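Here is a friendly briefing to read alongside the structure. Have the viewer open and follow the topics in turn.

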Amino acid sequence: MHGQPAGEEALLEQIDTTLAPHRDLVQRAQAGDTGAFEALYRAHVGRVYAICLRMTADETRAVELTQDTFVRAWQSLGSFRGESAFASWLYRVCVNVVLGHLRAARRRAARLLPTDDLARFDRPQPDPLPGTGIDLEQAIAALPPQARSVLILHEVEGYRHEEIAEMMGIAPGTSKAHLHRARQLLKQALIR
Amino acid sequence: MNDCTDILPLLQDYLDGALPPEQRRAVDAHLEACSACRDERAALAAVTAAVAALPPALDPPRDLWPGIAARLETPLHRDAVAGLRQRRDGAADRASLPRARQRPARRLAAWTAGAALLLAAVGAFWLAPRLLSPAWEVARLEGTPRIGQSAVTGTGQLRQGQWLETDGQSRAALDVGAIGNVEVEPNTRLRLLAARPTEHRLALAEGTIHARIWAPPRLFFVETPSALTIDLGCEYTLTVDSTGGSLLHVTSGFVALEHGDRTAVVPAGRMCLTRPGRGPGTPFDDDASEAFRRALARIDFDDEGADALPALLAEARPEDAATLWQLIYRIDPPQRGRLYDRLVELVEPPEGTTRAGVLRGDLDAVEAWDRHLGLDLDSGWFFQFFKKKKAPPAPGSAP
């Protein structure tokens with residue numbers, strides 16, 4: 001992970017140096033300092049937006065959910081005790097916001113088209129990859145929503161299947177099945 | 001376990017390092033002998049590597065902070081709003097208010113009586129469904145305004161949490177429950193935060209709105225990145241720029257601006273600037289000279305009171321007397337005497353007040369000056385709406 005060897009002490013010092021400014025910003029934001037919270041926003045918005053965009057495959061929705069994430073984080077700052085890194089906590093808030101949105105969207109679809117067979121809506125979208133070039137982001141965007149969510153959470157965000165299962169309200173085995181499906185569909189897109 | 005059909009389902013866990021050692025050894029042995037399964041493993045590994053190599057961060061299409069900042073309720077905001085509600089309910093802790101801003105309880109009584117009178121007059125039958133509606137009616141005025149992703153072609157409903165956006169060619173009108181209306185100018189983004197009988201609240205992230213509110217005070221709030229705008233029975237135009245700063249222009253009644261412990265009450269015919277992190281400046285006459293406005297901004301936002309005050313005083317006209325008066329308790333105490341002396345050159349001081357009393361912040365003197373300059377709110381909210389720009393008292397000499 002680190003390009004040059006570093007003793008444990010030097011490494012800890014480096015971690016402290018990296019995290020200390022954020023710790024100070026978090027404490028100030030917890031006290032109501034919007035300037036400090038803006039600095040945290042600037043430091044993390046790219047990652048949060050990437051999660052939202054990849055999980056929803058919808059730029060407008062991703063913008064809204066990014067904003068919702070930071071508003072939710074601001075409202076919940078009091079519950080952040082600093083046991084984990086602020087970044088991990090914030091990304092978890094983001095994932096919960098996005099999953100909540102996706103669940104609501106599925107519920108709306110279920111109300112509009114009453115059917116138990118929701119899987120039929122869970123199909124890959126039409127091929128967004130005309131021609132010979134392949135854009136991995138586009139191929140991910142074309143995945144079925146659940147498979148796409150599991151792929152992003154597992155492969156990009158590094159969550160384990162047990163964690164994903166808990167967040168998404170599914171069984172760990174289902175999370176694995178979604179990941180398998182996502183990989184197979186991406187593989188097909190890559191070799192096409 | 002030498003069959004490909006046994007091996008292929010295990011490849012995912014194999015790649016994830018999640019197989020028990022015994023199964024892993026069996027998969028290794030099969031892969032060594034089977035080129036088809038090796039190709040499958042290589043393809044899946046390539047997918048995993050490609051996804052893992054995606055950039056962890058992506059730039060959003062625009063700066064999202066103004067929209068977020070408009071929705072943040074700071075502890076200071078919350079305290080301010082709670083304080084306002086307390087005052088509205090007649091339970092204000094008067095001792096906690098700044099001395100210069102203390103008001104007699106009779107104003108609250110007048111508002112309360114006025115509210116009851118209006119509600120009785122208009123009738124619950126007509127009013128109740130509108131007050132209780134959790135959404136605002138939207139009407140297209142020009143172009144194609146959008147609620148979220150949906151274009152508004154005729155009329156629509158803006159529900160709590162939804163965004164209304166206008167582009168360079170579109171305008172829209174909003175019915176704020178039964179308490180007023182708002183016109184939304186081009187290139188504006190706003191979000192409905194609350195549509196309750198006791199609170200109508202929107203966030204104006206960017207752009208311009210004209211609001212006309214005939215409800216009792218403190219039912220209609222607009223959050224901007226730099227201040228909370230509180231209706232006190234009024235008509236006004238509010239513009240938020242891309243930096244989060246805003247300009248308020250009140251055309252009738254009164255509007256309060258708050259940010260933290262900074263408050264500005266803006267009467268008809270006056271404007272007020274706000275800046276992110278600083279809140280509202282001092283209200284000024286809408287005909288004030290450019291030099292006067294520049295000097296005022298330096299005092300309000302750049303902490304250059306001592307340097308900018310001479311220019312401000314030199315530029316001041318009788319119409320700017322209210323600005324000098326509203327600045328008197330904001331500026332550093334050593335400058336107050338100079339401000340007061342210029343003030344009484346411009347307008348006759350109210351009877352019974354003295355220089356020493358004003359500089360001490362005596363409540364009687366403060367209230368007398370507020371009334372003298374048309375800054376008092378004692379006449380009841382239902383008269384505020386009809387209050388238009390007031391001419392200053394005739395010039396006079398110092399007492």
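Helix α6 (residues 145-156) of chain A and helix α4 (residues 35-52) of chain B cross at roughly 80°, with their axes coming within 9 Å, and they are therefore roughly perpendicular to each other. Axes here are lines fitted to C-alpha atoms, for helices over the stretch in contact, with angles running from 0 to 180 degrees between N-to-C directions; roughly perpendicular covers 65 to 115 degrees. Helices (H or I, at least four residues) and strands (E, at least two) are DSSP runs, numbered from the N terminus.

This is a predicted model, in which local features need pLDDT of at least 70, side-chain atom pairs count only at pLDDT 80 or more, and totals for chains, interfaces and linings use all residues. Residues are numbered from 1 along each chain as its sequence is written, while chains are lettered from A and ligands numbered from 1 in the order in which they are written.

**Where the chains meet**

- The crossing helices touch through L151(A), E155(A) and V156(A) on α6(A) and T48(B), V51(B) and A52(B) on α4(B); contact means C-beta atoms, placed from the backbone, within 7 Å.
- Four of these contact residues are nonpolar, one is polar and one is charged. Ala, Val, Leu, Ile, Met, Phe, Trp, Tyr, Cys and Pro count as nonpolar, Asp, Glu, Lys and Arg as charged, and the others, Gly among them, as polar.
- Overall, 30 residues of chain A are in contact with 28 residues of chain B.
- On the chain A side, α2, α3 (59-76), α6 and α8 (172-191) each supply at least two residues, and α2(A) gives the most, with 10.

**The nonpolar core**

- The largest nonpolar core has 129 residues, and I51(A), L151(A), L204(B) and V266(B) are among those with the most contacts inside it. Such a core is a set of buried Ala, Val, Leu, Ile, Met, Phe, Trp, Tyr and Cys residues joined through C-beta atoms within 7 Å.
- Helix α2 (residues 34-56) of chain A gives the most to this core, with 11 residues.

**Chain B and D370(B)**

- Chain B has 15 helices and 16 strands, and 37% of its 399 residues count as buried.
- D370(B) lies in helix α14 (residues 363-372) of chain B and counts as buried because it has 21 C-beta neighbours inside 10 Å; the cut-off for buried is 20 or more other C-beta atoms within 10 Å.
- The C-alpha atoms of D370(B) and A322(B) are separated by 8.5 Å, although the residues are 48 apart along the chain.

Notes. Parallel < 35°, antiparallel > 145°, perpendicular 65-115°, else oblique. Contact = placed C-beta atoms within 7 Å. Buried ≥ 20, exposed ≤ 12 C-beta atoms within 10 Å, placed from the backbone.
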